[in-house]
Structure formats: structure tokens, C-alpha cells
Amino acid sequence: MIKIRNKKIEVLVAYTTPEMWDAVEDTKIAVQGQSAKDADYFAFARMGLKENKGRAIITHIAEIGKTKSNVPVEEYIKKFPKLSEYFRKRNWNGFSKEYYLENIRELKNPIYHKIGDKAKGRVRFYTNLNELKNANFMRDIKTLSQLNKR
């Protein structure tokens, strides 16, 4: 497990488009850029949902069984061909990191991003399980870097 200033990375929260969510549901694999850190859990801040006017909602969490680094994007596209156009539009080629997920479950209480609040990160952020469990809104979640300032 990777540690950041003695804080274990328990949860990687990634902003997830509808296209990527479909792929996760189908393949049980989440993909991130090579620089993403390892973690115990992967939480999905799903974007584009009508119930929150397109703002992100953390709806699901999964245990990470294993990760695989330096995976050519073409390999992931073979597993879920519908993403070919998605990756092409974003010029996402080269290599990625795959997170093999186990036990994907819906949160009993989704965590909403309130309109007007700042985003926690552009693509992803890291936190711990207690922060996730105790949050009513995304602004309530402290990232690992905020927790390290204590």
C-alpha cells in the first residue's frame, strides 16, 4: 500500500462519465491515467446524472482486487469497444492503469456535489473511508492532503 506522509490511501474517488460507468459495470475494471495511486477502494463520482443537474454524485464504491500498470489503452478498448470514440475524442492514447474491482456496491446515501461548490479535483482525489462514510456532501470530504495538514 502506498502511503502519503504516513496516511494510507484507502479510497481513490474518480469523476466518472456515463460512458466510463457503462464500461465499469460491464468489465468490472476502472481505468485511470498512469499517475493514479494504488488504493484499497475505488469510489465513483458519477457525472452527467439528471438528478443533480449534471453535477457529480458519489453513488458506488468497490474494493480494488488488483491493479495493472502500463496497460495500452487499446487493450482496454478491446474489452469495451464502445469506448473507442470516447478515447479518441480525448486524445487519450498510450498507457493507463487498470483497477480490477470486486464487490461494487451502491452507497445507501449518495454523496452529492452541491451546485456552486468547488470540485475536489479535476479527475480524481484521495481520501479515507471515514471521510466518505461521514459525508453528506462532497464538500464535507477532506482529501488526504487536507488531512495531512492537521
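1. Tyr 15 and Phe 125 are both buried in this predicted model. Their rings form one of the aromatic pairs. The ring centres are 6.4 Å apart and the planes meet at 55°, so the pair is tilted. Tyr 15 belongs to strand E3 and Phe 125 to strand E8, so the contact ties together parts that are 110 residues apart in sequence.

2. Other aromatic pairs deserve a look. A search of the whole structure gives 6 of them. Trp 21, Phe 42, Phe 44 and Tyr 99 are joined by ring pairs into a cluster. When you check them, keep two values in view: a pair of aromatic rings is described by the distance of the centres and the angle of the planes.

3. The charged end of Lys 114 sits over its ring, 4.7 Å from the centre. Arg 139 also lies over the face of Phe 137, at 5.6 Å from the ring centre.

4. Now the sheet. It is open and has 6 strands, in the order E4-E7-E6-E5-E3-E8. The pairing is mixed. Which strands stand at the edges? They are E4 (29-33) and E8 (124-127). Each has a single partner strand, so one side of each is left without a neighbour in the sheet. From one strand to the next, the twist averages 35°.

5. Strand E5 (residues 41-46) has the highest mean pLDDT among the elements, at 96. Is E5 largely enclosed or left open by the rest of the structure? Of its 6 residues, 5 are buried, so E5 is largely enclosed.

6. E5 pairs with E3 in the parallel sense, over 6 bridges. Here Leu 12 has Phe 42 of E5 as its bridge partner. Phe 42 is also one of the residues in the ring cluster.

7. E5 pairs with strand E6 (residues 57-72) in the antiparallel sense, again over 6 bridges. Tyr 41 stands opposite Glu 63 of E6. Ala 43 has Ile 61 of E6 as its bridge partner.

8. Helix H1 (residues 18-27) lies across several strands: E3 (11-16), E4, E5, E6 and E7 (95-112). Its direction is at about 135° to E4.

9. Ser 96 is found in strand E7. Which residues does Ser 96 touch beyond its neighbours within four places in sequence? The contacts are Val 31, Gln 32, Gln 34, Lys 68, Ser 69, Asn 70, Val 71 and Val 73.

10. Finally, confidence. The mean pLDDT of the protein is 87, and 93% of its residues reach 70 or more. Residues 1-7 are another matter. Their pLDDT stays under 50. The model has 17 contacts beyond four places in sequence for this stretch. Strand E1 (residues 3-4) has the lowest mean pLDDT among the elements, at 40.

Definitions and conventions:
Residues are numbered from 1 along each chain as its sequence is written. This is a predicted model: local features need pLDDT of at least 70, side-chain atom pairs count only at pLDDT 80 or more; totals for chains, interfaces and linings use all residues. Side-chain values use heavy atoms; hydrogens and water are left out. pLDDT is the predictor's confidence in each residue, from 0 to 100. Helices (H or I, at least four residues) and strands (E, at least two) are DSSP runs, numbered from the N terminus. Contact means heavy atoms within 4.5 Å. Two strands pair if DSSP finds at least two bridges between them. Axes are lines fitted to C-alpha atoms, for helices over the stretch in contact, and angles run from 0 to 180 degrees between N-to-C directions. Rings of Phe, Tyr and Trp (its six-membered ring) pair if their centres lie within 6.5 Å; planes under 30 degrees apart count as stacked, over 60 as edge-to-face and the rest as tilted. Buried means under 20% relative accessible area, exposed over 50%, partly exposed in between (1.4 Å probe, protein chains only). A charge sits over a ring if NZ of Lys or CZ of Arg is within 6 Å of the ring centre and within 35 degrees of the ring normal.
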